[in-house]
Amino acid sequence: PVPTLAVGQCLNLTQPLFASVPTEGPYYLGAIIDEEGQQPELIEQNNTYLGALIGVGNAPDLVVTSIRVPTIAYSSRQLTVSYTACNQGTTPAPGFDVSLYFSTDNRLTGMMNDPYSDDRLFMVSQVPPLAAGACTTVSVTNWPSVPPGAYYFGAIADEWHNVPELIETNNDRFGYRMTMRP
């Protein structure tokens with residue numbers, strides 16, 4: 001129960017909860033206050049809140065949390081990129097791949113989701129096994145595979161879904177926009 005609130009007052013409540021879900025996987029956690037309309041209010045339609053997507057269960061959840069690329073690179077020189085990969089899940093993750101891409105638009109689809117995508121593979125990098133809650137930063141160097149122009153640089157953890165995860169839709173990350181020169 002929520003105590004009586006003064007005009008304009010807000011209250012943050014923390015409460016343990018048991019999630020009774022049919023299967024483990026991705027869920028949204030929401031809250032409803034005064035669900036039965038017992039408290040007269042000026043606006044009754046703003047009593048709900050839907051939180052972020054969360055993973056419920058026992059499995060890894062692989063994400064790329066950051067990418068570092070230079071703002072200017074040269075197609076005639078090797079390019080060094082670093083990224084941070086994390087396991088946000090509840091159990092250890094085996095080693096997995098991270099696919100690194102150049103994209104001409106700000107929508108990273110990769111080869112698995114769209115084999116005809118304009119995204120160009122830079123390389124596939126290996127990440128060692130990660131404990132639940134652990135992260136690692138990986139630095140890789142390779143020759144760029146794109147002509148001069150403007151690109152977004154992105155990464156997809158476990159693009160081919162070799163590791164069963166709590167959430168499979170949060171594996172991609174864009175870095176900064178970069179320019180490739182001859």
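In strand β10, the residue that forms a bridge with Y74 is R181. β4 and β10 run parallel and are joined by three bridges. Strands here are DSSP runs of E with at least two residues, helices are runs of H or I with at least four residues, and both are numbered from the N terminus. Two strands are taken as paired if DSSP finds at least two bridges between them. The model is a predicted one, in which local features need pLDDT of at least 70 and side-chain atom pairs count only at pLDDT 80 or more, while totals for chains, interfaces and linings use all residues. Residues are numbered from 1 along each chain as its sequence is written, and side-chain values use heavy atoms, with hydrogens and water left out.

The pairing of β4 with β10 belongs to an open sheet of five strands, in the order β4-β10-β9-β6-β7, with mixed pairing. At its edges stand β4 (72-74) and β7 (120-127); each has a single partner strand, so one side of each is left without a neighbour in the sheet. On average, neighbouring strands of this sheet are turned by 35 degrees against each other, direction ignored. For such angles, axes are lines fitted to C-alpha atoms, for helices over the stretch in contact, and the angles run from 0 to 180 degrees between N-to-C directions.

Within this sheet, β9 and β10 run antiparallel and are joined by seven bridges. In that pair, A150 stands opposite T179 in β10. Strand β6 (residues 96-103) is likewise antiparallel to β7, and seven bridges join the two. The bridge partner of F96 in β7 is V127. In a regular strand the side chains alternate between the two faces of the sheet.

The loop between β9 and β10 (172-181) contains D158, and H161 lies in the loop between β9 and β10 as well. Most residues other than glycine have a negative phi, and most peptide bonds are trans. D158, although not a glycine, has a positive phi of about 50 degrees. H161 is also not a glycine and has a positive phi of about 55 degrees. Which of the classes, buried or exposed or partly exposed, applies to D158? D158 counts as buried because its relative accessibility is 3%, where buried means under 20% relative accessible area, exposed over 50%, and partly exposed in between (1.4 Å probe, protein chains only). H161, with a relative accessible area of 34%, is partly exposed.

Three further strands form an open sheet in the order β3-β5-β8, with antiparallel pairing. Here the edges are β3 (62-68) and β8 (135-142), each with a single partner strand, so one side of each lacks a neighbour in the sheet. Neighbouring strands of this sheet are turned by 25 degrees against each other on average, direction ignored. Six bridges join β3 to strand β5 (residues 79-87), and the two run antiparallel. V63 has C86 as its bridge partner in β5.

The description now turns to strand β1, where L29 is found. L29 counts as partly exposed, at 43% relative accessibility. Not counting residues up to four places away in sequence, L29 touches L17, Y49, L50, G51, A52 and I54, contact meaning heavy atoms within 4.5 Å. The C-alpha atoms of L29 and A19 are separated by 9.5 Å, the two residues being ten apart along the chain.

Rolling a probe the size of a water molecule over the atoms shows where empty space is left. The largest pocket holds about 1,300 Å³ of space. On a 1 Å grid over the protein atoms alone, a pocket is an open set of points with protein on both sides within 12 Å along at least five of seven lines, whereas a cavity is a set of points where a 1.4 Å probe fits but cannot get out; lining residues have an atom within 4 Å of a point. Grid points are joined across faces, edges and corners, and a volume is the space filled by probe spheres set on the points. Of the 30 residues that line the largest pocket, V2, L5, L11, L13 and I33 are the closest to its centre. β1 gives the most to this lining, with four residues. By class, the lining has 16 nonpolar, twelve polar and two charged residues; Ala, Val, Leu, Ile, Met, Phe, Trp, Tyr, Cys and Pro count as nonpolar, Asp, Glu, Lys and Arg as charged, and the others, Gly among them, as polar.
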